[in-house]
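Here is a short briefing on one protein model. Keep the viewer open while reading.

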Amino acid sequence: MLFLIFVKWRIEYLCGFLQIKPITFHAMFIGHFGLAFAAKKAAPNVSLGTLFIATQFVDILWPFLLVLTIEKVAIVPGYTQSNALEFLYFPYTHSLLAGVLWGVAVGAIYGLVKRDQPGAMVVGLCVLSHWFLDLLVHTVDLPLSPFTEVKFGLGLWNQVALSLTIETILYLAGVYLYATFTKAKTSGATWGFWSFVVFLLIFNVANTFGPPPTSITALALSLLVLMGIIVSLAYWVDKKRVVIQKN
């Protein structure tokens, strides 16, 4: 509980320091993190924090392109039942072609730095996975490439209960794989891990039913602050656990 209070305080403190209000983002959220948890089993040498970055790489890049007005989004309360964002133009981060290219680039950089080719492959696939998970919840706004008007989306944002259920199942399945593939070094690390898991679950529910962003700038800055905190915690959690060695 103290862990959750600390995280909440850090988010509020950083948002206050940047003079922005904590807001919600209304997007596929813990589903991406569920895949990151699960990917640890395929790439045991890759830190959970790195896998978190990979699955959310395009969402981490996206705020920068929003501020630079290279990509565009409109805040339209009630646009869908759980989403106040109308994605007008974001082919450089959220098209399928961009996902492939960013996946290759990020995977290649990881492979060069860490000399871990299997891990690099998993990192690259995690980057690409973002488009396919977003496909479930987005309206018809996910482009194939920056060079075509063809777009896709199954629109589960208009089915709140169903989208929450699917995302929670994906998340818990990933957590289960991670929890059974690794073990905590100390009892404190065990509490830290499960507190982190619960925090993300609670935040996801609040994210679904919370207020829309107040401005594009607030959206971008708040998203970067949140991602920074969550990724840092993922690195910490993984550092306190070890892969279970099979006999």
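R115 sits in the loop between α6 (96-114) and α7 (117-137). The model is predicted. R115 has a phi near 55°, a positive value in a residue other than glycine. R115 is exposed, because its relative accessible area of 69% is over the 50% cut-off.

**Overall make-up**

- The protein has 10 helices and six strands.
- Of its 247 residues, 51% are buried.
- Take the contacts with a separation of 6 or more: 71% of them join residues 24 or more positions apart.
- The protein exposes about 12000 Å². Carbon and sulfur atoms supply 70% of that area.

- T69 is not a glycine, yet its phi is positive, at about 60°.
- T69 is placed in the loop between α4 and β1.
- With a relative accessible area of 56%, T69 counts as exposed.

- I70 lies in the loop between α4 (57-67) and β1 (72-75).
- I70 is partly exposed, since its relative accessible area is 37% and that class runs between 20% and 50%.
- Leaving aside residues up to four places away in sequence, I70 touches L65, Y89 and Y92.
- I70 and Y89 are 19 residues apart in sequence. Their C-alpha atoms are 8.4 Å apart in space.
- Y92 belongs to helix α5 (residues 91-94). Y92 is partly exposed, at 37% relative accessibility.
- A nonpolar patch on the surface is formed by L68, I70, L88, Y89 and Y92. Together these residues have about 460 Å² of accessible area.

**The salt bridge**

- How many salt bridges does the structure hold? It holds one.
- The pair links distant parts of the chain, 198 residues apart: K40 is in helix α2 (residues 30-42), and D238 is in helix α10 (residues 216-239).
- The side chains of K40 and D238 meet at 3.0 Å, N to O.
- Is K40 buried or exposed? K40 is buried, because its relative accessible area of 4% falls under the 20% cut-off.
- D238 is also under that cut-off, so D238 is buried, with a relative accessible area of 10%.

- T182 lies in strand β5, which covers residues 182-184.
- T182 is buried, because its relative accessible area is 2%, under the 20% cut-off.
- The T182 side chain makes a polar contact with the side chain of R241, at 2.8 Å.
- A polar atom of the T182 side chain lies 2.8 Å from the backbone oxygen of Y178.
- Which residues does T182 touch, not counting residues up to four places away in sequence? They are K40, R241, V242, V243 and I244.

**Points to look up in the viewer**

- Start at the loop between α4 and β1, where T69 and I70 are both placed.
- Go on to Y89 and Y92, which touch I70 and belong to the nonpolar patch.
- Then find K40 in helix α2 and D238 in helix α10.
- End at T182 in strand β5, with R241 as a polar side-chain partner.

Methods. Residues numbered from 1 in each chain as written. Predicted model: local features only at pLDDT ≥ 70, side-chain atom pairs only at ≥ 80, totals over all residues. Heavy atoms only, no water. Helix = DSSP H or I, 4+ residues; strand = E, 2+ residues; numbered from the N terminus. Buried < 20%, exposed > 50% of the residue type's maximum accessible area, 1.4 Å probe, protein only. Contact = heavy atoms within 4.5 Å. Salt bridge = Lys/Arg side-chain N within 4 Å of Asp/Glu carboxyl O. Polar contact = N/O pair within 3.5 Å; in protein donor to acceptor, adjacent residues only side chain to side chain. Patch = residues over 30% accessible without salt bridge, like charges linked within 9 Å, V, L, I, M, F, W, Y side chains within 5 Å. Areas by Shrake-Rupley, 256 points an atom, 1.4 Å probe, with all protein chains shown as cover.
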